[in-house]
Amino acid sequence: MVEPGQYVVIGNPIEHSKSPQIHSMFARQTGISIEYKKLLCPIGDFSKVVSEFFASGGRGANVTVPFKLEAYKFSTLRSSRVEHAQAANTLINNNGVITAENTDGIGLVRDIIGNLKYPISNKSVLIVGAGGATRGVLLPILNEGPKAITVVNRTKEKAHQLIKTIETEASDLSVDLASGGLLDLNDGQFDLVVNATSSSLSDEAFPLSTNILSSKALAYDMMYGKEETSFTRWAYTAKAYKTVDGLGMLVEQAAESFALWCGELPDTRTVMETLRSE
Ligand code: ATR
């Protein structure tokens, strides 16, 4: 029997977060009693706010924009995924020792492979963006054995740097790695395109050629929301076979965090259905 515990999601802004709703559904489903709240953290105060929370008995925290890098730095122990991503979205308090995990990549991969039934192995993958969101998902995608991974970014150099970081891990795999700027791609045959930029909500056209998708391509926006984004508009024009937002990833990464804290992986299907029906 797991004891009741206090958990939070820390971010700024935080009002929009669906995490408390998701975790309360997990708690009901598993019969594990957790209290999970939103915690708005002033910019610059992450260390202070999270220290106070853990000192007052907090058992775990999810960390969201813009504090994932600070969460990585704050932790005492880090998984290899966190070391690689240099970003953490989950903190676990084990008797005062804070361990950091990053469940974003697992969440994305489980949603694509498990929920959407779209295997990544042997596929040509394009990731757009080269910030923290990309760092979190790059290695988990590589581990699925794609045929190729290309990272493109507005600032080209950051894409080159990121691809460099996985060259060692990729050396035993037969995967083609490439990087470049957004406008470097004029044609292609990508099977999976993941939007990991923070540009989705801008009204500008998504800065990517509409001539780069294979006939069964999945376009995956890591952002979620009711509204169309510049990425989803691009995907319709580019004739993606299927276009999805990141709600599934959100629920799957939450489930993995819940499992790390409470030792039980909850069922995500019913939670996703509830959120989609709202
Ligand atoms: P996160 O941690 O959420 O990934 P980040 O590290 O600030 O946030 O990275 C944001 C990503 O979105 C970057 O790849 C950024 O491109 P730059 O590296 O050139 O800044 C990308 N991005 C943000 N706004 C964009 C826009 N309007 N068009 C294209 N890319 C954009």
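Author: Asn153 has its place in strand β8. Strands are DSSP runs of E with at least two residues, helices are runs of H or I with at least four, and both are numbered from the N terminus. This is a predicted model, where local features need pLDDT of at least 70, side-chain atom pairs count only at pLDDT 80 or more, and totals for chains, interfaces and linings use all residues. Residues are numbered from 1 along each chain as its sequence is written, and side-chain values use heavy atoms, with hydrogens and water left out.

Start with cover. Asn153 has a relative accessible area of 9%, so it counts as buried. Buried means under 20%, exposed means over 50%, and partly exposed is in between (1.4 Å probe, protein chains only). Ser80 belongs to helix α4, residues 80-85. Ser80 is exposed because its relative accessible area is 62%. Gln21 belongs to helix α1, residues 19-30. Its relative accessibility is 28%, so Gln21 is partly exposed.

Back to the strand. β8 is mostly covered, with six of its six residues buried. Both faces are covered. One side carries Ala148, Thr150 and Val152. The other carries Ile149, Val151 and Asn153.

Next, the neighbours in the sheet. β8 spans residues 148-153 and pairs with β9 in the parallel sense over six bridges. Two strands pair if DSSP finds at least two bridges between them. Val151 has Ser179 of β9 as its bridge partner. β8 also pairs with β7, residues 124-128, again in the parallel sense, over five bridges. There, Leu126 has Thr150 of β8 as its bridge partner.

Now the whole sheet. It is open, with six strands in the order β9-β8-β7-β10-β11-β12 and parallel pairing. Its edge strands are β9 (176-181) and β12 (242-244), each pairing on one side only. Neighbouring strands are turned by 15° against each other on average, direction ignored.

Return to the Asn153 side chain. It reaches the backbone nitrogen of Ala130 at 3.3 Å. It also reaches the backbone oxygen of Thr155 at 3.0 Å. These are polar contacts: pairs of N or O atoms within 3.5 Å. Within protein, one atom must be able to donate a hydrogen and the other to accept it, and residues adjacent in sequence count only if both atoms are side-chain atoms.

Then comes the ligand. A polar side-chain atom of Asn153 lies 2.6 Å from one of its oxygen atoms. For Thr155, a polar side-chain atom lies 2.5 Å from a ligand oxygen. Ser198 uses a backbone N or O atom, 3.1 Å from a ligand oxygen. Taken alone, the ligand exposes 640 Å², and the protein buries 70% of that. These areas come from the Shrake-Rupley method with a 1.4 Å probe; for residues, only the protein chains shown count as cover.

What surrounds the ligand? The shell has 13 residues, and the closest are Ala130, Asn153, Arg154, Thr155 and Lys158. A residue belongs there if one of its heavy atoms lies within 4 Å. By class, three are nonpolar, eight polar and two charged. Nonpolar covers Ala, Val, Leu, Ile, Met, Phe, Trp, Tyr, Cys and Pro; charged covers Asp, Glu, Lys and Arg; the others, Gly among them, count as polar.

How values were computed:
Axes fitted to C-alpha atoms, helices over the stretch in contact; angles between N-to-C directions.
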